[in-house]
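Here are my notes on this one, in the order I'd go through them with the model open. Have a look and see what you make of them.

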Amino acid sequence: MMKATMKKYPKYFLNLKQKLNLEIKRNNIIIARNKYRTNVGKAWPDDRKIKIPIIKDIESVYIVLHEIAHVILNHGENCLKPTYIIEMEAERHALSIFKKWDIHKLFPEDFLKIKKRAERYVRWNIIYEIQRSLHDADHILQLKNINITALRFSNIRKFQNKKVQLNKNKKTFK
């Protein structure tokens with residue numbers, strides 16, 4: 001549960017809504033009439049349209065920024081990037097706006113929760129891409145072929161067999 005909520009900080013959330021509306025207007029984005037009651041979203045970048053949650057906590061604000069990012073970054077039907085890259089780009093964009101708005105300073109615990117969820121979401125998408133590739137006998141996706149930035153963002157340790165130990169300010173590898 002997020003600490004930063006509309007109920008606890010009504011004036012601050014009105015300000016956040018204004019900032020979101022400015023981002024939406026500046027990028028010519030259409031908002032679907034019906035909003036989600038839970039913290040989920042959907043983007044149709046080719047139509048410059050998003051469906052967003054009702055703003056009730058800081059996570060719902062983040063989801064709106066994530067969906068805006070899909071439109072801004074042109075993640076439409078003709079985008080040839082893997083899904084995990086598309087999602088990582090949207091997550092990074094939303095996190096950068098949160099930092100720009102100082103949310104990481106104002107609500108550090110909530111920011112950390114959101115950042116960890118973003119990492120898990122990208123990690124899940126990487127694993128999903130690998131699983132899907134198992135059905136293609138010609139091309140099985142391996143971890144070594146995954147974008148290094150995505151691996152770092154999602155905290156996947158590419159070389160888990162090498163353990164790092166700290167011994168009196170020295171790094172030794174096993």
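1. Before the sheet, a convention: two strands pair if DSSP finds at least two bridges between them. Helices (H or I, at least four residues) and strands (E, at least two) are DSSP runs, numbered from the N terminus. On that basis, strand 2 and strand 3 (residues 49-51) pair in the antiparallel sense over three bridges, and K42 sits opposite K51 in strand 3.

2. Some housekeeping. This is a predicted model, where local features need pLDDT of at least 70 and side-chain atom pairs count only at pLDDT 80 or more, while totals for chains, interfaces and linings use all residues. Residues are numbered from 1 along each chain as its sequence is written, and side-chain values use heavy atoms, with hydrogens and water left out.

3. Overall layout: the protein chain has six helices and five strands, running α-β-β-β-α-α-α-α-α-β-β along the sequence. Of its 174 residues, 39% count as buried (buried is under 20% relative accessible area, exposed over 50%, partly exposed in between; 1.4 Å probe, protein chains only).

4. The largest nonpolar core has 40 residues, and I58, V61 and F98 have the most contacts inside it. Such a core is a set of buried Ala, Val, Leu, Ile, Met, Phe, Trp, Tyr and Cys residues joined through side-chain atoms within 4.5 Å. Leaving out residues up to four places away in sequence, F98 touches I58, V61, Y62, L65, I103, H104, F111 and I114.

5. (A salt bridge is a side-chain nitrogen of Lys or Arg within 4 Å of a carboxyl oxygen of Asp or Glu; Lys and Arg count as positive and Asp and Glu as negative, with His and the chain ends not counted.) Beyond four places in sequence, E91 touches Y62, H66, A118, Y121, V122 and F153.

Methods. Contact = heavy atoms within 4.5 Å.
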